[in-house]
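Thanks for coming, everyone. Please look at the screen, and let me walk you through one structure.

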Amino acid sequence: MNVDLLVHGGTVLTVDAAGTVVADGAVAVREGEIVAVGAAEELRTGFTAKECVDASGCLVLPGLVNSHTHLAMTLLRGSADDVTLQGFLGRVLKWESEQLAPDTVAAAVRLAIAESVRAGVTSALDMYWFHEAAESAAREAGWRLFAGPTFIDVPASPDGRAYADRIAWARRDLERRGPGRPGHRPALFAHSTYTLSPAQLTEVAALAREFGALLHVHAAENAAEVATVVSRQGRRPVELLDSLGLLGPDVVLAHAVDLTGPEIAALARTGTAVAHCPVSNLKLGCGIAPVPQLLGAGVTVGLGTDGAVSSNTLDVLGAVRLAALVHKADGDPTAVGAEQAVRMATIGGARALGLGDHLGSLEPGKRADMVVLDLDAPHLRPAHDPWSTLAYTAQAADVRDTVVDGRVLMRDRRLLTLDERAVLDAVSRSPERPQEGPA
Ligand SMILES: [Zn+2]
C-alpha cells in the first residue's frame, strides 16, 4: 500500500485507551489520516511511503493540544507580569482597544505558531480579536487552529464593531464555513460571565448550538471574579451558566479554579469540559483548580497555556509538568499522575474540543497530528517510562519533528512552513507596551 508519510523506528506512545506503547514502532499516514500503527518492521514491509521520518532513538507521541490560549498575546509577552488578574485585564484591554489591527494579530499568531510547532503543540483553541487574520496565518503554516468570533462587551472594541452587530457578523462567519473537514470544528467565544450579560451569553450559546459549534467561556478564574458575578447576578459563574442552560458537552470552560462541590457535579452531569491552565493560574495568583476532584467526577479536562502575557510561553509540556506537580501540594503524591497529565494534554484536549474521535491519540482513522521527541540527551536517559519522560523530564526544546494533518511542519528542528527569521523580525518592531496600571 502506498502512503504519504511513514514515521518509523521510535517508541510510539499511542495514548489509546489501553495506553499501548509500541517499542520500535511506526505510524503510517495517507491523506492526513493515520492508516496504521504497529511494529516498524511490519510497516516498513507493508507500506511504500513518499516521505519517511526515521524516529530511531526518539519518542513518537500525539501532537499536544493547547485547549485554552490567546495566541496573538505573544506580542505582549513580558509586559504585564506580577499583577492580579484584574490588574492584568485593566492594562491589556486598554492596550488592545488602542493598538490592535489584523496585521499585528497575524504577525503575533505566526510567532505563536512557530513557538508552538517547536514545542510539539499541533493545535489550539484560541480566543481573540481579528480571528480571520489568525486563521489565515494558521492556514498558511498548515497548523490546526480553532478560532472564531469572540464576544466581549467592552466600550471600545479593537475591531471597531459595535456589540449589537456581532451576532449577525458571527452568523455570517459560521454560514461561510460550510461543512467542516475532519479534525476541525467551528467555535464561538463568549469571554466570560463578567464581561457579558446573561442575555448576551444565552444569545451567543444559541447561535453556537444552531451551527453545532463549540462554545468557549472563561469561568471562575479567581475568587474576585466569582464575587463580582455574585454581586451582579446573584449566582456564581458556573451556577449562572448552569441556570441559563449554558453548560453541556459542547462547552469548554477555561480555568474553573474557584468551584464548589455542586458546581463540579454540574460540570460532570452536563458533560462540560474544562481547560486547566496551571501556569497562568499560579502566575496571576488565582489559585489551583480542583483537577483531582474534576477528574474523579468524570469531567473531561484539557490543558491550556492561556495567553503569553499570563503564562509567558505557549509551552504545553511545561503545563503538563506543572499539572503533574501542583496538585500534589496538598500532600498526596498520587493526585494527578504522569499519565493523567499527559492524557490531559492530548486526548483530554481533543475530547474537550468534541474531537476525541479525530485527534488526541495515534490510532488508525485519526488525523495525523504527531510529535517526534529526541531522547538523545543526558536529561532524558535512561527512558524507563514514556509517561514519566513526558511529564517530568522532557522539555519543549527536545521536540525534533512536528506533523500536523500528515504534513511535516518541523523536520530536524527546522520549520518548513514558516520563515522563522521573518517571523521574528516582524515582531521585533512590536507596538508600544501597555501602560502601567493598578496592580
Ligand atoms: Zn484566557
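Start with the division of the protein chain. There is domain 1, made of 2-62 + 360-421, and domain 2, made of 64-352. Those bounds come from an automatic or database domain assignment.

A word on the source. This is a predicted model, where local features need pLDDT of at least 70, side-chain atom pairs count only at pLDDT 80 or more, and totals for chains, interfaces and linings use all residues. Residues are numbered from 1 along each chain as its sequence is written, and side-chain values use heavy atoms, with hydrogens and water left out.

Now, the two domains together. Their centres, taken over C-alpha atoms, are 28 Å apart. How many residues does each domain put into the contact? Domain 1 gives 38 residues and domain 2 gives 30 residues. Contact here means heavy atoms within 4.5 Å.

Next, area. The size of an interface is often given as the accessible area lost when the parts come together. Between domain 1 and domain 2, about 2700 Å² is buried, and carbon and sulfur atoms give 62% of that. Buried area is the accessible area, with a 1.4 Å probe, that two parts lose on being put together, summed over both. Which residues of domain 1 lose the most area to domain 2? They are W387, Y392 and L418, together 23% of what that side buries.

Charges come next. Three salt bridges are counted between domain 1 and domain 2. The rule is a side-chain nitrogen of Lys or Arg within 4 Å of a carboxyl oxygen of Asp or Glu. Between the two domains there are also 10 residue pairs in polar contact, both residues at pLDDT 80 or more. A polar contact is a pair of N or O atoms within 3.5 Å; within protein, one must be able to donate a hydrogen and the other to accept it, and residues adjacent in sequence count only if both atoms are side-chain atoms.

Which elements build the side of domain 1 that touches domain 2? At least two residues each come from β5 (58-62), β15 (370-374), α14 (386-393), β16 (399-404) and β17 (407-411). α14 gives the most to that side, with six residues. The labels are DSSP runs, numbered from the N terminus: helices are H or I with at least four residues, strands are E with at least two. By class, that side of domain 1 has 22 nonpolar, eight polar and eight charged residues. Ala, Val, Leu, Ile, Met, Phe, Trp, Tyr, Cys and Pro count as nonpolar, Asp, Glu, Lys and Arg as charged, and the others, Gly among them, as polar.

Let's stay with β16 and β17. They pair in the antiparallel sense over three bridges. Two strands pair if DSSP finds at least two bridges between them. V403 has V408 in β17 as its bridge partner. The hairpin of β16 and β17 has two residues between the strands, and D405 takes a positive phi near 55° there. β17 also pairs with strand β18 (residues 414-415), antiparallel, over two bridges. In β18, R414 is the bridge partner of R411. β17 and β18 form a hairpin too, with two residues between them, and D412 in the turn has a positive phi of about 50°.

Back to the start of the chain. Strand β1 (residues 2-13) and strand β2 (residues 21-30) pair in the antiparallel sense over seven bridges. L5 stands opposite V29 in β2. β2 then pairs with strand β3 (residues 33-39), also antiparallel, over six bridges. The hairpin of β2 and β3 has two residues between the strands, with E31 at a positive phi near 50°.

Now a parallel arrangement. Six strands form an open sheet in the order β9-β10-β11-β12-β13-β14, with parallel pairing. β9 (150-151) and β14 (301-303) stand at the edges, each with a single partner strand, so one side of each is left without a neighbour in the sheet. Inside that order, β12 (residues 251-255) and β13 (residues 273-276) pair over three bridges. A254 has A275 in β13 as its bridge partner.

Last, two local details. R381 and P382 are joined by a cis peptide bond, with omega about -15°. P382 is found in the loop between β15 and α14. D82 has a positive phi, near 60°, in a residue other than glycine. That residue, D82, is found in the loop between β6 and α2.
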